[in-house]
Amino acid sequence: MTLHRDMRYPTPRELGLAARALADEHPGEVRLRQAGTSRAGQPLWVLSVAATGGAPGGADRNVLVVAGAHANEPVGGATALSLARRVLDDPAPRAGCGWHFLLCADPDGADLHRTPHPYSLLDYHRNFFRPPGPEQPEWAPSLLPPDRLPPETLALMALIDELRPVLQASLHATDLGGSWVQLTRDVPGLAEPFGTSAAELRIPVENGASDAAGWLSPGPGIFVIPQPGSEAAGAFHPEDTRLSTWYHAHRYAGTTAIVEVPMWASDLVDDPTPHPDPRGALQMLAERLTADAALVAAVRSGDDVRPGPQAYEDPAAAPLLRAVDWTLALIPRIAAEWTAGAPAEASAAYIASIDAFGRRLSLRAAAMLLRVLRTQGHPAAPGLDRLVTWWCEDFAARFGARWVPVATQVEHQSRIVLAAYDRLVAADRA
């Protein structure tokens with residue numbers, strides 16, 4: 001295995017150009033088509049690799065790989081291209097199966113979050129953008145009525161309806177932490193290749209993922225989303241996850257695997273030892289989250305920052321400010337959940353995951369607000385800049401952050417997607 005250490009995150013335009021070149025190079029096996037259009041008019045490209053001996057779209061079963069559903073998680077596009085080349089060269093995963101890659105589910109958001117090659121957490125947050133939940137293609141059905149769904153969501157749902165995938169792999173990333181997989185149904189045997197890959201690539205396994213507290217875990221880092229009505233849903237999926245596009249494949253007996261990989265790794269999220277005082281720790285983390293959010297909210301609510309709907313009149317600032325306000329509104333609910341439902345027993349990894357989650361919420365809101373204030377030459381910008389810088393440096397130092405090369409992130413995600421498909425096929429034949 002050769003990893004290209006200088007690999008960078010491709011932009012949506014670069015993804016389209018690379019996919020077009022691959023399709024031109026293999027006209028009988030690879031096809032590039034437009035599955036829809038974003039809100040800003042950008043094409044939503046789907047790259048398809050035909051089943052062995054067949055034409056694209058003529059397979060007995062299909063796999064759909066979704067990249068770029070979250071604007072601030074750019075590795076998915078690179079993984080999708082790498083996977084397309086990989087299955088093109090290897091006939092085994094294409095035996096009776098077509099592979100389809102939605103190269104970027106949210107190109108508008110990806111253009112607003114610019115991190116082709118971040119060198120530090122601060123560099124990553126300098127041009128940070130993550131849209132509010134209702135504007136995220138996968139999450140929108142959980143938060144909006146059907147007649148208000150964005151075009152990116154409608155295109156993704158139509159693609160699922162067309163392909164009826166046996167496996168939908170959604171490629172995600174976390175800024176700092178470890179790797180884990182969320183499943184809408186258990187994939188028997190996935191824990192072994194997942195753990196092997198993580199160990200070989202020196203990627204920590206996030207065995208206490210904060211947004212999977214109480215979920216069934218068939219193995220370290222593997223979590224099965226709870227069934228409707230379960231009390232294990234937690235505060236991190238306060239919406240009905242089962243209305244998301246992750247579950248749209250279930251109507252065709254498909255399974256969705258959400259594959260998370262870190263940009264910066266931390267061994268703290270891979271520590272299974274019991275935490276000495278989880279309730280006290282969660283109380284402290286909730287108080288810190290509330291205090292940090294208050295610092296950002298104070299800047300946001302300043303008279304000259306123009307709070308309220310009128311702040312959205314500037315088309316350049318509006319997406320960022322909507323995201324800031326949505327994040328700040330979410331924080332009190334999460335802080336309350338941490339203190340109300342604190343477990344008597346928990347691992348050090350789980351508390352570390354909660355710690356990281358809280359830090360990134362306030363930091364993201366501050367970073368996006370800073371982008372607006374800096375553009376406006378606002379007098380509050382220097383102070384907020386110092387706060388963002390301090391939070392980034394403290395985050396990295398507390399967690400011993402170490403950069404995971406893009407090629408390593410891509411390799412790990414690719415392995416897990418192929419392993420998930422292999423295990424699903426094996427289970428189907430058994």
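Tutor: Gly219 sits opposite Ile222 of β8. The model is a predicted one. Strand β7 covers residues 216–219 and strand β8 covers residues 222–224. The two run antiparallel and are joined by two bridges. Together β7 and β8 make a hairpin, with two residues between them. In that turn, Gly221 has a positive phi of about 80°.

Now the helix pair. Helix α9 spans residues 318–340, and helix α10 spans residues 348–376. Their axes come within 9 Å and cross at roughly 155°. An angle over 145 degrees counts as roughly antiparallel, so α9 and α10 are roughly antiparallel to each other. The crossing of α9 past α10 is left-handed. From α9, the contact residues include Leu320, Leu321, Val324, Leu328, Ile331 and Trp338. On the α10 side they include Ile354, Phe357, Leu361, Met368, Leu369 and Arg371. Sorted by class, the α9 contact with α10 holds 15 nonpolar, three polar and one charged residues.

Last, the charged pairs. Across the whole structure, a search finds 20 salt bridges. One of them pairs Arg33 with Glu162. Their closest N and O atoms are 2.8 Å apart. This pair links distant parts of the chain. Arg33 lies in strand β1, residues 30–37. Glu162 lies in helix α6, residues 151–163.

How values were computed:
Residues numbered from 1 in each chain as written. Predicted model: local features only at pLDDT ≥ 70, side-chain atom pairs only at ≥ 80, totals over all residues. Heavy atoms only, no water. Pairing = 2+ DSSP bridges. Helix = DSSP H or I, 4+ residues; strand = E, 2+ residues; numbered from the N terminus. Axes fitted to C-alpha atoms, helices over the stretch in contact; angles between N-to-C directions. Parallel < 35°, antiparallel > 145°, perpendicular 65-115°, else oblique. Left-handed = near helix turned anticlockwise from the far one by under 90°. Contact = heavy atoms within 4.5 Å. Nonpolar A, V, L, I, M, F, W, Y, C, P; charged D, E, K, R; others polar. Salt bridge = Lys/Arg side-chain N within 4 Å of Asp/Glu carboxyl O.
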